[in-house]
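Q: Could you go through this model with me? I would like to begin with how its strands pair.

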Amino acid sequence: MITGAVGVAAGATVAGCSSAAGAGTDTVWAKPSAKPIVLTVSPNANANNVSPSQQVVVNAEGGTLKSVSVTSGGKALDGAMDADGKTWRSSGALGYAATYTVTASLTDSLGAPVEKTSTFTTMKPTKTLSVNFQANALTSMKTGGTYGVGQIIAIRFSKEVTDKAAAEKAVVIQTSPSVEGKFFWLDKQTLHWRPEKYWAKGTKVNVAVNAVGVDFGGGVFGTSNISTHFSIGRSLIAKADNNAHYTKVYVDGALVRNMACSMGKGGYTTGSDGKQIHFWTQNGVHVVLNRAMNVEMDSASYGVTDKSNPNYYDENVTLCTRISYSGEFLHAAPWNMADHGKRNSSHGCINLSTADAQWVYDTFIEGDVVEVSNSPKPIPVWDGLGDWNASWDTY
């Protein structure tokens, strides 16, 4: 509390100022006094171990704040004054293990300048983790990018998260138009979020993770706050029918291309590591993960190394649009054109003509949807962005 002095000129005579009654009694005038100023700063002066997630708030009663600065190491913290001129609030994040000086400049009720300073120090965590956004496990999210209606919000933590509730609370998702969604933990380091149904085309999505000062469990704190934003483009949904041997592509609900294809031949074999390998194109919702002009597809990657094995192959394949982590692609397959539209003979990919594969490569974007039907082998949730295959009740 800063209180202004009150001065009274006792016994002084002011010439020409006498009582109206002419009684000869002199009038004594008091000098105007400033109202007491109560300045409140949070965090408190000399506070230690302050969480960096705490907001700095400076409030003045009995005076008017003119400016507030919060500095550490020569850098100023962002903030703004409320419209009433009484309260200043920080908007930037504090750092760890830093001492901040708060300087408040104000005027009292008589307009006299007053300045107040205080300091506080933030905590120093012993364990930290970082956060980043993924389009999928193979590709980072592009800020400002455009994605298909099946895109998932994927947040990757650099260490295991044991306090999942704290992690979810740190995530802020805003969409226009507004849509409700749910969190889904793919594993202990990967958090997904999706709406109940595919995104509406044109949706704007903003995501922030306010990780600074958050204990993600076991005393592991976030190193920095991050944010991103992206848009949903036109709706592109491809429907690949394992029985019909055709893939139909719909853009905004209209059929734009019907492509003869050959899908997974089915059956199983055992790899050199003893694991069972299947050759189905998996049933369910797939999401485009990325595209590559050339991909070396080698059966040795999943354990078939014997060249005499009829399931052995080693091919450089072109015009590849990937739809699962396990190796499913839409790609050019001119070697089995006779099977396209007639029978399934691939090792699990959706084989297309070179012209159709080129069109897919040029047209599809990350987040576009490929729905496979009539295959006996369902795609698991973890294989690509398989989240859409989990029921809404269990997601």
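Q: How many bridges join S27 to strand S28?
A: In this predicted model, S27 and strand S28 (residues 314–322) are joined by eight bridges, and the two run antiparallel. Within this pair, Ala292 stands opposite Cys320 in S28.

Q: What is the order of the strands in that sheet?
A: The order is S27-S28-S29-S30, in an open sheet of four strands with mixed pairing. Strand S27 (290–298) and strand S30 (350–352) stand at the edges; each has a single partner strand, so one side of each is left without a neighbour in the sheet. On average, neighbouring strands of this sheet are turned by 35 degrees against each other, direction ignored.

Q: Which strands does helix H2 lie across?
A: Helix H2 (residues 354–363) lies across S27, S28, strand S29 (329–332) and S30. Its direction is at about 45 degrees to S28.

Q: Changing topic: which residues touch the most other members of the largest nonpolar core?
A: They are Val131, Ile153, Ile155, Phe157, Val209, Phe216 and Phe230, in a core of 37 residues. Several elements each supply at least two residues of this core, among them strand S11 (131–136), strand S14 (153–157) and helix H1 (164–170).

Q: And what is Ile153 in contact with, leaving aside its neighbours within four places in sequence?
A: Ile153 is in contact with Ile173, Leu191, His192, Trp193, Trp199, Val205, Val207 and Phe230.

Q: How many salt bridges does a search of the whole structure find?
A: The search finds eight. One of them links Arg156 in strand S14 to Asp187 in strand S16 (residues 181–187), 31 residues apart. Their closest N and O atoms are 3.5 Å apart.

Q: What does Asp368 form a salt bridge with?
A: Asp368 forms a salt bridge with Arg234, and the closest N and O atoms are 2.8 Å apart. Asp368 lies in the loop between H2 and strand S31 (369–373), and Arg234 in the loop between S20 and strand S21 (236–241), so the pair ties together parts that are 134 residues apart in sequence.

Q: Is Asp368 buried or exposed?
A: Asp368 is buried, with a relative accessible area of 0%. Arg234, at 23% relative accessibility, counts as partly exposed.

Q: Finally, what pLDDT does the protein chain average?
A: The average is 90, and 92% of the residues score at least 70. Over residues 1–24, however, pLDDT stays under 50.

Terms used
Residues are numbered from 1 along each chain as its sequence is written. This is a predicted model: local features need pLDDT of at least 70, side-chain atom pairs count only at pLDDT 80 or more; totals for chains, interfaces and linings use all residues. Side-chain values use heavy atoms; hydrogens and water are left out. Two strands pair if DSSP finds at least two bridges between them. Axes are lines fitted to C-alpha atoms, for helices over the stretch in contact, and angles run from 0 to 180 degrees between N-to-C directions. Contact means heavy atoms within 4.5 Å. pLDDT is the predictor's confidence in each residue, from 0 to 100. A nonpolar core is a set of buried Ala, Val, Leu, Ile, Met, Phe, Trp, Tyr and Cys residues joined through side-chain atoms within 4.5 Å. Buried means under 20% relative accessible area, exposed over 50%, partly exposed in between (1.4 Å probe, protein chains only). A salt bridge is a side-chain nitrogen of Lys or Arg within 4 Å of a carboxyl oxygen of Asp or Glu.
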